[in-house]
Amino acid sequence: MGFSQIAQAQSNPNSNQPAILTISPNEGSGLSGEARTVEVWSGRGTAIDFTRVNERIIQVFLADPSRFTYATDTPLDKGNATTLFLRQITPLRFPNLTTARVTNLFVKTQAADGTMRLYTFNLQAGGNARQRYNGLSIATTSPTRYRRTSRLQASSSRSVRIDDIERGLQVAIARRYTSSNDPVVLKVRDFLATARSNSNRSLTELAQRVNLRPELLPQLATLGREKSNSPTTSSRRNAPNLLRFNR
């Protein structure tokens, strides 16, 4: 899972996040962690662009096409498509096809030297909130700066890193403290998406926006920090009990 690590740009004049977010090929391919979550808002479009890595889109697979559709900047059969555009549609029913709140999207590309790469994304509806970003740009440059530095004020004397919360949730799922489709996990994902664009807000305020109990988040941050500092020996003693945070 790659969580919704996104932010609000043009709709929030106080945000320093660009409208198009930069991610690395490894991140887009799921080779450096869980699959990246991409959100698509009602009446809006979200783009995934491969121009900066000079890769052409040769195949697109959308697991659940009942709520989303896609188009490319040029027809796929021409072999020159570099940008994928996603849109949310009124839900459709397909015989014998299962649906999911968060579906997956695969994009296969080919570089000029013939090298192929498979990208994987988690795709979900952006809800009723304002669109927080317009798309992703795949590039070999470092990820957008705010992803490495954003902190949230948890109390008058303590702040936590958004990345630590995200990493802690990954650890909690990997160690089976909770399942990836648990309702509280989905709330934490929504929190991360909101927090990326509102790091000037307090942790408590942002948690309340997504109906999440804020005391869970510092626990996840601690778990993520332990994993980062000692990836092979981090302790289970501070494992957050996510089940008791369900409402």
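The expected span of a helix is 1.5 Å times one less than its number of residues. Helices (H or I, at least four residues) and strands (E, at least two) are DSSP runs, numbered from the N terminus. This is a predicted model, where local features need pLDDT of at least 70, side-chain atom pairs count only at pLDDT 80 or more, and totals for chains, interfaces and linings use all residues. Residues are numbered from 1 along each chain as its sequence is written, and side-chain values use heavy atoms, leaving out hydrogens and water.

Q: How many helices and strands does the protein chain have?
A: DSSP gives six helices and 11 strands.

Q: How does the reach of α3 sit against the expected span?
A: Helix α3 (residues 162-174) has 13 residues and runs 19 Å from first C-alpha to last, close to the 18 Å expected.

Q: What makes α3 mostly covered?
A: Buried means under 20% relative accessible area, exposed over 50%, and partly exposed in between (1.4 Å probe, protein chains only). In α3, 10 of the 13 residues are buried, including Ile 162, Leu 169 and Ile 173.

Q: Why does Leu 97 count as partly exposed?
A: Leu 97 has 32% relative accessibility, so it counts as partly exposed. You'll find Leu 97 in the loop between β6 (83-88) and β7 (102-111).

Q: How much of the protein chain counts as buried?
A: Of its 247 residues, 47% do.
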